[in-house]
Amino acid sequence: RLVESGGGLLHPGGSLRLSCEASGVSVKDYAVGWFRQVSGKARERVGCNSEASVATTYADFVKGRLTISRDNAKNTFSLQIDNLVPGDTAVYYCALPSGTFPYPRYCPARDSDFGSWGQGTQVIVSS
């Protein structure tokens, strides 16, 4: 189970920080991902941190603004997006690879290989 915290109303130019706490699984055994869904659009991947390679992949729309971090001891992982713009307004989701994905410590190429999802948290960026 994944439970997100953070979000809310933020201002352009500010920073977004979301946390995701895992229970029933150990984050250290997984790549960790973040997605978002803008109203009226399909859910899209924001970024993913591979536990195996320690590398983070990211979408072009957050290039240079995204940090994904993890605290394996607390079984949590976090997302930070800096220099927010109104286009960052969305519902954000944390995710882990599915139990059937054969390489869970690596970021899946396909979004459909993520199988555990947080409840989603609304983020509004507005002045």
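Reply: Let us begin with rings. The model is predicted, and six aromatic pairs are counted in it.

Me: What makes the pair of Phe-101 and Tyr-103 edge-to-face?

Reply: Two values decide. The ring centres of Phe-101 and Tyr-103 are 6.3 Å apart, and a pair needs centres within 6.5 Å. Their planes stand at 85°. The cut-off for edge-to-face is over 60 degrees. The pair is therefore edge-to-face.

Me: Why is Phe-101 called buried?

Reply: Its relative accessible area is 13%. Buried means under 20%, so Phe-101 is buried.

Me: And why does Tyr-103 count as exposed?

Reply: Tyr-103 has 52% relative accessibility. Exposed means over 50%. Tyr-103 therefore counts as exposed.

Me: Which residues form an aromatic cluster?

Reply: Phe-35, Tyr-93, Phe-114 and Trp-117 form one.

Me: What makes the disulfide of Cys-48 and Cys-107 left-handed?

Reply: The torsion about its S-S bond is about -95°, so the disulfide is left-handed. The sulfur atoms of Cys-48 and Cys-107 are 2.1 Å apart. Cys-48 lies in strand E5 and Cys-107 in the loop between E9 and strand E10, so the pair ties together parts 59 residues apart in sequence.

Me: Why is Cys-48 called buried?

Reply: Its relative accessible area is 0%. The label needs a value under 20%, so Cys-48 is buried.

Me: Why is Cys-107 called partly exposed?

Reply: Cys-107 has 21% relative accessibility. Buried would need under 20%, and exposed over 50%. Cys-107 falls in between, so it counts as partly exposed.

Me: What is the pairing of the bonded cysteines in sequence order?

Reply: The pairing is 1-3, 2-4.

Me: Why does Ser-78 count as buried?

Reply: Ser-78 has 7% relative accessibility. The cut-off is under 20%, so Ser-78 counts as buried. Ser-78 is found in strand E8. Leaving aside neighbours within four places in sequence, its contacts include Trp-34, Thr-67 and Ile-68.

Me: What makes the side chains of Ser-78 and Ser-19 a polar contact?

Reply: The distance is 3.4 Å. The limit is 3.5 Å. The two side chains make a polar contact.

Me: How many residues does the largest nonpolar core have?

Reply: It has 26 residues. Leu-16, Trp-34 and Phe-77 are among those with the most contacts inside it. Strands E3, E4, E7, E8, E9 and E11 each supply at least two of its residues. Apart from it lies another core, of six residues, among them Phe-35, Tyr-93, Ala-95 and Phe-114.

Technical notes: Residues are numbered from 1 along each chain as its sequence is written. This is a predicted model: local features need pLDDT of at least 70, side-chain atom pairs count only at pLDDT 80 or more; totals for chains, interfaces and linings use all residues. Side-chain values use heavy atoms; hydrogens and water are left out. A nonpolar core is a set of buried Ala, Val, Leu, Ile, Met, Phe, Trp, Tyr and Cys residues joined through side-chain atoms within 4.5 Å. Buried means under 20% relative accessible area, exposed over 50%, partly exposed in between (1.4 Å probe, protein chains only). Helices (H or I, at least four residues) and strands (E, at least two) are DSSP runs, numbered from the N terminus. A disulfide is a pair of cysteine sulfur atoms within 2.5 Å. Rings of Phe, Tyr and Trp (its six-membered ring) pair if their centres lie within 6.5 Å; planes under 30 degrees apart count as stacked, over 60 as edge-to-face and the rest as tilted. A polar contact is a pair of N or O atoms within 3.5 Å; within protein, one must be able to donate a hydrogen and the other to accept it, and residues adjacent in sequence count only if both atoms are side-chain atoms. Contact means heavy atoms within 4.5 Å.
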